[in-house]
Amino acid sequence: IAHAFSLMLELINSCESAYRASRLRETFAEETKPAATYGRIIHVLTTHPTESRNPDIIYYFKKIQDLLERFLADPASADWQELYVLLRWAWLIPMSKQKKPTVMDEAEYIYSLSLHKDVIDLYIEQVKKKQPFYLRTWVGGDKDGHPGVDEKTMLGSLQMSRKFLFAWVHERLQIYLTDLEPLSRSANEKHKELKSLLQMSKELKQHLGKVKRIQKGDGQRLNLCKEKLEKVFIAYEKLFGLESAPLADLRGLLKVFPGLVVPLELREDSGLVHEAVKNPPTKFAISRMLKSLALLSPNHDPRFYIRGFVLSQCESAADLAAGVKLVEKYLGKAKLPVVPLFESAHSLHAGVEIVEEFLKSPARMNMVKNLWSGKFEVMLGYSDSAKENGSFPSRFLISSAVQGIENAIQKKHLQPIFFHGSGGSIER
């Protein structure tokens with residue numbers, strides 16, 4: 001009975017998603033004005049271990065949703081026999097994994113949805129339309145929110161997103177190479193430009209194979225792949241007079257995911273960060289996570305892998321300074337933005353004062369401009385502020401804090417970024 005009820009709820013979700021997708025397609029089909037250039041919105045994905053689904057059941061319900069979308073587009077295409085079979089198959093599979101959920105279950109659930117090949121195609125479409133669309137995730141990096149998170153889960157989450165993205169890259173590259181196969185067999189060997197392109201394409205495939213797994217020095221190997229891709233792209237365009245569509249897609253993907261991973265957010269309690277600064281890395285997981293990050297990208301931008309280091313319960317400029325010290329301790333420089341999380345009534349009231357105190361130092365101003373790209377990010381805690389103050393007061397506090405903090409950051413000629421931590425099942 002419980003399984004039947006769960007399947008019914010999933011089927012309702014599929015119906016709602018299919019209807020929503022259908023209506024959105026109708027809306028955008030009628031849209032004639034160019035899309036608004038609103039800047040960047042970055043989606044930070046998260047889930048709860050108990051919300052993770054069995055990937056096999058996701059596969060069948062994705063097919064059910066596709067079938068329903070086809071029906072809404074063309075009622076004559078209804079294939080109720082196929083729907084019946086899919087439901088019979090779904091009946092035979094457990095809804096959730098039959099073991100204690102882990103961080104990797106969360107990661108697999110999120111990436112199986114957000115990095116499905118059809119969805120990746122949509123990201124590339126956004127790039128072509130010059131509409132920026134970026135993803136991050138908490139999963140594997142939220143040390144404060146999950147006692148099981150450490151350097152192993154961080155690397156595991158990065159590797160899992162790499163697996164999905166690499167499969168997409170491999171498929172696109174194979175399309176490109178398959179198109180060149182007849183040329184490699186039959187073209188005149190004296191054609192130097194063609195011979196050079198074929199050789200570079202072969203080398204590109206070899207180098208991409210080396211980034212299938214994330215290991216020490218991954219940033220250097222990935223950067224070499226990007227250089228090879230750019231040379232092949234330019235050589236192809238020069239030789240044939242037009243772009244290669246598969247190679248253009250690869251370039252687009254690396255704009256959205258420059259580290260060929262979904263970047264993580266690290267988070268730790270400010271009090272523990274103060275302690276971690278004074279102690280060796282063996283004592284604190286957050287220290288080992290930063291140390292592992294340093295090994296991945298010793299000479300490249302760590303933000304390809306980790307977008308920010310969030311300090312929960314940040315109550316003072318001293319807390320922010322401790323976060324910077326910890327990053328400097330393991331990365332040499334503060335190459336990773338430190339993000340204060342204002343979630344209590346005190347921190348939301350004092351947010352302007354904390355930001356101004358931190359940015360008062362000329363050295364820190366130079367750090368933000370040169371190492372953080374002139375951007376200063378602040379996270380706003382919706383859940384904890386609501387627990388402490390109630391829903392309406394928390395929203396009022398956040399709204400008031402945003403206006404003051406935005407002005408304080410802009411007065412320093414920096415670009416403010418607000419991370420709205422409005423979690424919960426609906427948002428997830």
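How many nonpolar, polar and charged residues are in the lining of the second largest pocket? Keep that in mind as you load the model, which is predicted.

**Stop 1: the pocket**

Select Arg40, Ile42, Arg136, Arg303 and Arg307. Of the 21 lining residues of the second largest pocket, these lie nearest its centre. The pocket's volume is about 370 Å³. Now colour strand S2 (134-137), helix H9 (245-256) and strand S6 (375-381). Each of these elements supplies at least two residues of the lining. Then colour the lining by class: twelve residues are nonpolar, one is polar and eight are charged.

**Stop 2: the largest core**

Nonpolar side chains tend to be buried together in soluble globular proteins. Select Tyr176, Leu253, Phe257, Phe309, Phe358, Trp372 and Phe376. They have the most contacts inside the largest nonpolar core, a set of 93 residues. Next, show helix H6, residues 151-186. With eleven residues, helix H6 gives this core its largest share.

Now centre on Phe358. Leaving aside residues up to four places away in sequence, Phe358 touches Ala317, Leu320, Ala321 and Val324, as well as Arg364, Met367, Trp372 and Phe376.

**Stop 3: a separate core**

**Stop 4: aromatic pairs**

The whole structure holds eleven aromatic pairs. Start with Tyr123 and Phe133. Their rings are stacked, at 5.3 Å centre to centre and 20 degrees between the planes. Tyr123 belongs to helix H5 (residues 117-128) and Phe133 to the loop between H5 and S2, so the pair ties together parts ten residues apart in sequence.

Is Tyr123 buried or exposed? Its relative accessibility is 6%, so Tyr123 counts as buried. Phe133 has a relative accessible area of 25%, so it is partly exposed.

Move on to Tyr176 and Tyr236. This pair is tilted, with 5.9 Å centre to centre and 55 degrees between the planes. Tyr176 is buried because its relative accessibility is 2%. Tyr236 is buried too, at 16% relative accessible area. You have met Tyr176 already: it is one of the residues with the most contacts inside the largest core.

**Last stop: a ring cluster**

Select Tyr59, Tyr60 and Trp89. Ring pairs link these residues into a cluster.

Terms used
Residues are numbered from 1 along each chain as its sequence is written. This is a predicted model: local features need pLDDT of at least 70, side-chain atom pairs count only at pLDDT 80 or more; totals for chains, interfaces and linings use all residues. Side-chain values use heavy atoms; hydrogens and water are left out. A nonpolar core is a set of buried Ala, Val, Leu, Ile, Met, Phe, Trp, Tyr and Cys residues joined through side-chain atoms within 4.5 Å. Buried means under 20% relative accessible area, exposed over 50%, partly exposed in between (1.4 Å probe, protein chains only). Helices (H or I, at least four residues) and strands (E, at least two) are DSSP runs, numbered from the N terminus. Contact means heavy atoms within 4.5 Å. On a 1 Å grid over the protein atoms alone, a cavity is a set of points where a 1.4 Å probe fits but cannot get out, and a pocket is an open set with protein on both sides within 12 Å along at least five of seven lines; lining residues have an atom within 4 Å of a point. Grid points are joined across faces, edges and corners, and a volume is the space filled by probe spheres set on the points. Ala, Val, Leu, Ile, Met, Phe, Trp, Tyr, Cys and Pro count as nonpolar, Asp, Glu, Lys and Arg as charged, and the others, Gly among them, as polar. Rings of Phe, Tyr and Trp (its six-membered ring) pair if their centres lie within 6.5 Å; planes under 30 degrees apart count as stacked, over 60 as edge-to-face and the rest as tilted.
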